[in-house]
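Let's take a walk through this structure together, one region at a time. Keep the 3D view open as you read.

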Amino acid sequence: MTFPLKAQRIENPSVKPKNTLKPVASPSIAADPPVRTTFPFTAIVGQDELKLALLICAIDPAVGGVLAFGDRGTGKSTAVRALAALLPRMRAIADCAYNCDPAAPSGHCDACRKRASGLRVTLRSPPVVELPLGATEDRVVGALNLERALSHGEKSFEPGLLARANRGFLYIDEVNLLEDHLVDLLLDVAASGENLIEREGLSLRHPARFVLIGSGNPEEGDLRPQLLDRFGLAVEVATPTEIAMRVEVVLRRDAFERDPNAFAEVWRPEEQKLRRRIVAARGRLASIATPVAALERAARLCIALGTDGLRGELTLVRAARALASLEGYDAVNDAHLRRVAPLGLSHRLRRNPLDDVGSRARVARAIEETFV
Amino acid sequence: MTAHGGSASAWAHALGAAALFAVDPLMNGVALRAGPGPARDAWLAALRAFLPNQMQMRRAPSQIGDDRLLGGADLAASLRAGRPVAEQGLLAQCDGGVVVLAMAERLPPSAAAHFSRALDFGRIQAERDGMTLCHRARIGVIAFDEGQGEDETPPAALLDRLAFRIDLASIDHRALVRSAEPDIEVARARLPNVCADAAAIRALVATAAQLGVASLRAPLLALRVARAACALRGDCRVSEEDLGVAARYVLAPRATVLPQIDAEPQLREPPSENEDSGARQDADEAAQAPSQLEDVVLESAQAAIPPDLLAALNADRLRGARSEGSGKAGAGKLSARRGRPIGARSGSLRHGRLALLDTLRAAAPWQAIRRGDADSRESGVLVRPDDFRVRRFRDPRETTAIFVIDASGSAAMHRLAEAKGAVELLLCDCYARRDNVALVAFRGKSAEIVLPPTRSLACAKRRLRGLPGGGGTPLASGLETALSLAHGLRRKGQTPLVVLMSDGRANIGRSGAAGRLQALEDALQVGKQLRALGVAALAIDTSPPLLSAQSEAPTLRLAQAMNARYLKLPRADAETISHAVRAAAHEG
């Protein structure tokens, strides 16, 4: 399952805060509330691991998503929402509810396939769709379009959140509080990259490839192991303990809350710089070499830790390549592997659920032993 | 000062919170720990007077459903219009106003998440009933916390976002006098011009760190309160005094450790320490809980217990009742009225609530055909009884395993470590079954809830690790605590399950007096009450093998009183057994 995200050298000079919550093809009934400027990604103090994990996924979506678990009030949601404002725009077929990629006809939805020629292409920001708690299943997978059915007596499909998230990000805050039946459904779709609908006499399928981003607080409940494994990278987010850092967090937050626009203006050059780096890294990604030595290292590390399956190894290599690309290298080296290993492996260790937070320490030890 | 004096100052403190909240009410809140009564009414009336006249103040029940909280389809209007018509939920309707949340301690976590989102972003977003709802919802929240005891508090996610925490419990009704009215309106107008310098922010952050407040929301909220205090004072620069007010209202109630006064002399003396006794007193209480010199903390040891013990116990309880499905988690049952929705099915309205959208969906494909029928000239949707769909719910019936652990001297001497190991194994079992767990430990003179019901196994494990042992065996108190916990869980619609681990050698009675006979008698008494409540129970005997072999083993008697399964903790290893046998042979 790969994401055909082509390199683009498009600079958007003005970063308009996008209302990512705005539906593409559903009846929006409420008047849209005024858009709130999001807190700039680059202005987030600390949280380096989380930021790194998010950037890696933005560069190579095939890494497979980020899970951010941590204390309350550490800015997990802030970081994820900030990512949305940072991402460069992508090419998509106009008026397609699934954001089909004109460059990859094999992944098209049925409607686009039928139209085959004469497709118009637009630039869209990649969707960052939030799955709100309490969302009903029909809104997630899609259902019969009621209005069409009522007024015209015809069956037509109304795409849901999964359709909207295609080629983008699906963000679940408080992922550990999500109802089990929704979790099962998401697992299924995330694994296949395709959403199958069999309900109300409708029978259809559409592409639904998205990067899952979850955040939550472990004190409120653990995550089911199956879902845990589905995330490519996992980070533990903690409140900074250094006073100076904490002060900086509060200072920036306070400045932002008092005048969001002015604050965003101050950080705009930084944001643009990072956006250019992401675009460049995406373009370079395909040409990043992965030496056999690095592959061996990754394999040795996974064997030492006893991770199940090949998923860990694949993620590790992918993430290391994305990191190498972000930092402007031509090839993956040990330093890259060392940095991404804790993110990619610590949640895959087969462990006693009661094992203390020791998985981090185990990964660190294995790294030390492998990279001597 | 007399008790009345203390009461008066507590009331002044509470009124102060109302005034400060009223200066800057939106996206902020007050947690008010108080039962219904004159104090709460008077406080609310005072707040009403402080808030602007046009600002609405609405009550919301804690059991409010998602459909009312977030909005959804409007049944009547949808049918009339022949297309889905949205109805605003309470959060959106209260935009720019204050929501008064009754019985916030009963608020389910998902509802708390919606409130949290409104408090964080000033808007709500939902995908419900076939429509996307996105509304402004800048609200203030007053959460009435009517919980009794420490385990009943509003959801932590909500509490973290409410700046003020006020306790009205100790306030005498004679103290309820209106003090001088502060000029809130002027303060509100001044608020945008109030500024706080970096030093002030640094002081708040440092104070929060010293009090062991981890969340960074706390200093941010404290900063808002300091600004409000400054505006109320009639100034435009946040002063030390304002910081003190903020620390007292926001940081002190969140304190987890006693501030170390001498620890870091290079830091500015945080304002909370020199002027307010409130912070210190709270922190004092927080810090007093653990630590007695003779305590021993034993690492858990390996123990062997039969697998699926809890599952068997659950089965005991369900025996006779048909259980549903494959039963991976705690038992659940289908219900027509409550629980989580699991779709709809056709049926009569007498048997459940109408699932509007599903009904309309069922009717929709037939409209063209029905309209073709001769005599129907009416506009709107033609719905026939066949189309009716009713909602179905699954009532999850969460199970909570209450572990009652004997951490007394006699147990510690023998096998507290082994008991810990056994609990850990059972905890694993709970994890697999998605049960909640709670830990009650008894030792010395009393019992305490070491861990209120939680799903976080990591938490349980940590508390268990740090559990000290030593002192007397107040078995009855331990069971009593478990009993009240079980009562509370029952009230919430959960299924409690008690696992007792003890050697049964009680020596402290219910009253706290020493005496073996009375102590055991008391314990048996409480055990019978547990039986009367119908709580499934398991008694694990941790006494040395030779003692528990006697038919009169106290734990066995207790198990009989509780109608509990009885289990001797299997011997740690073969060596112990052979040793014991040899010793017995020698005597004989």
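At roughly what angle do the axes of helix 21 and helix 23 of chain B cross? This is a predicted model, and in it the axes of helix 21 (residues 516-533) and helix 23 (residues 554-562) of chain B cross at roughly 30 degrees, coming within 7 Å. Angles under 35 degrees count as roughly parallel, so helix 21 of chain B is roughly parallel to helix 23 of chain B. On the helix 21 side, the contact is made by Leu520(B), Ala523(B), Leu524(B), Gly527(B), Lys528(B), Leu530(B) and Arg531(B). Facing them from helix 23 of chain B are Pro554(B), Arg557(B), Leu558(B), Ala561(B) and Met562(B). By residue class, this contact of helix 21 with helix 23 of chain B has 8 nonpolar, 1 polar and 3 charged residues.

Staying in chain B, have a look at strand 19 (residues 536-541), where 6 of the 6 residues are buried. Ala536(B), Leu538(B) and Ile540(B) cover one side, while Ala537(B), Ala539(B) and Asp541(B) lie on the other, and all of them are buried. Strand 18 (residues 495-502) of chain B runs parallel to strand 19 of chain B, and 6 bridges join the two. One of the pairs is Ser502(B) with its bridge partner Asp541(B) in strand 19.

A loop of chain B is also worth a stop. Ala407(B) sits between strand 14 (399-406) and helix 17 (409-414) of chain B. With 29 other C-beta atoms within 10 Å, Ala407(B) is buried. Its C-alpha atom is separated by 6.3 Å from that of Ala441(B), 34 residues apart along the chain.

Now for chain A, which has 14 helices and 11 strands. Of its 372 residues, 47% count as buried. Among the contacts in chain A between residues at least 6 apart in sequence, 75% join residues at least 24 apart.

Arg167(A) is buried, with 24 other C-beta atoms within 10 Å. Asn99(A) has a positive phi too, near 55 degrees, and belongs to the loop between strand 2 (90-93) and helix 3 (110-115) of chain A. Around Asn99(A) there are 22 other C-beta atoms within 10 Å, so this residue is buried.

Let's finish at helix 1 (residues 48-59) of chain A, which reaches 16 Å from its first C-alpha to its last. Of its 12 residues, 10 are buried, so helix 1 of chain A is largely enclosed by the rest of the structure. Among them are Leu50(A), Ile56(A) and Cys57(A), along with Glu49(A).

Conventions:
Residues are numbered from 1 along each chain as its sequence is written. Chains are lettered from A and ligands numbered from 1 in the order in which they are written. This is a predicted model: local features need pLDDT of at least 70, side-chain atom pairs count only at pLDDT 80 or more; totals for chains, interfaces and linings use all residues. Axes are lines fitted to C-alpha atoms, for helices over the stretch in contact, and angles run from 0 to 180 degrees between N-to-C directions. Helices (H or I, at least four residues) and strands (E, at least two) are DSSP runs, numbered from the N terminus. Angles under 35 degrees count as roughly parallel, over 145 as roughly antiparallel, 65 to 115 as roughly perpendicular and the rest as oblique. Two residues are in contact if their C-beta atoms, placed from the backbone, lie within 7 Å. Ala, Val, Leu, Ile, Met, Phe, Trp, Tyr, Cys and Pro count as nonpolar, Asp, Glu, Lys and Arg as charged, and the others, Gly among them, as polar. A residue is buried if 20 or more other C-beta atoms lie within 10 Å of its own, exposed if 12 or fewer, and partly exposed in between; C-beta atoms are placed from the backbone. The expected span of a helix is 1.5 Å times one less than its number of residues. Two strands pair if DSSP finds at least two bridges between them.
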